[in-house]
Amino acid sequence: MTDNVDNPFFARLWTAMSSREPESLTRLRRENLAGLTGRVLEVGAGTGTNFEFYPDTVTEVVAVEPERRLAALARQAGARAAVPVTVSTDTVEQFADAEPFDAVVCSLVLCSVDDPEVVVAQLRSRLKPGGQLRYLEHVAGSGARAGLQRFADATVWPRLLGNCHTHRHTEDTLTAAGFRLTGARREWTFPAWVPLPVAEFAIGVAVRPS
């Protein structure tokens, strides 16, 4: 993410894509949010796709979405949610809140930040000790798919998909920032033979040590 995000093409594209997500991805979204409690910071909320899946044990969701068109849709989704939701158009790099959060949620967003190491460190600092960062991200693959990802990242993919970089070692970045990973695994949301750079997802919980 960058300051003053204004990307009408990506906003239209993501609005269409998020309204037609495969059930396999919807299932992972539900799993990623299950059991959350207290006050939650969601980074890169998009159109607010996650909001309907938050359990009633969550007391507040503060959602960051810097693309103003997506933020407007996220506010509409937040108004329909069963838990209180507020949406900020700050970037995650700009966002500041004096009160630490019980959890941070990252869904398909760490691929798009300019400096993942800096952002992850910032998110860690905004968590209470023992707090969780729930992540659902497409990440670097291996073999032929890794080559496809590197090619996509070096050409048109980031320009078309809101700065998305498909070949990132997100779990390594989380570990290097001092998080402890639990329940980490990989899931395919499309068949492995489909030649897409974003068919495989990583899901897990990154815990800030107490």
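These notebook entries record what I looked up in a predicted model.

**Entry 1: two helices**

I began with helix H1, residues 8-18, and helix H3, residues 68-80. I found that they pack at an angle of about 35°, with their axes 8 Å apart. I then listed the residues that make the contact: H1 contributes Pro8, Phe10, Ala11, Trp14 and Thr15, while H3 contributes Arg69, Leu70 and Leu73. Sorted by class, I noted six nonpolar residues, one polar and one charged.

**Entry 2: cysteines**

I searched next for disulfides and found zero in the structure. For Cys106, I looked up the nearest cysteine sulfur, which belongs to Cys111 and lies 10 Å away; Cys106 is in no disulfide. I recorded Cys106 as buried, because its relative accessibility is 0%.

I then asked which cysteine sulfur is closest to that of Cys111. I found that it is the sulfur of Cys164, at 3.7 Å, which is too far for a bond, because a disulfide requires the two sulfur atoms to be within 2.5 Å. Cys111 is also buried, with a relative accessible area of 4%.

Definitions and conventions:
Residues are numbered from 1 along each chain as its sequence is written. This is a predicted model: local features need pLDDT of at least 70, side-chain atom pairs count only at pLDDT 80 or more; totals for chains, interfaces and linings use all residues. Side-chain values use heavy atoms; hydrogens and water are left out. Axes are lines fitted to C-alpha atoms, for helices over the stretch in contact, and angles run from 0 to 180 degrees between N-to-C directions. Helices (H or I, at least four residues) and strands (E, at least two) are DSSP runs, numbered from the N terminus. Contact means heavy atoms within 4.5 Å. Ala, Val, Leu, Ile, Met, Phe, Trp, Tyr, Cys and Pro count as nonpolar, Asp, Glu, Lys and Arg as charged, and the others, Gly among them, as polar. Buried means under 20% relative accessible area, exposed over 50%, partly exposed in between (1.4 Å probe, protein chains only).
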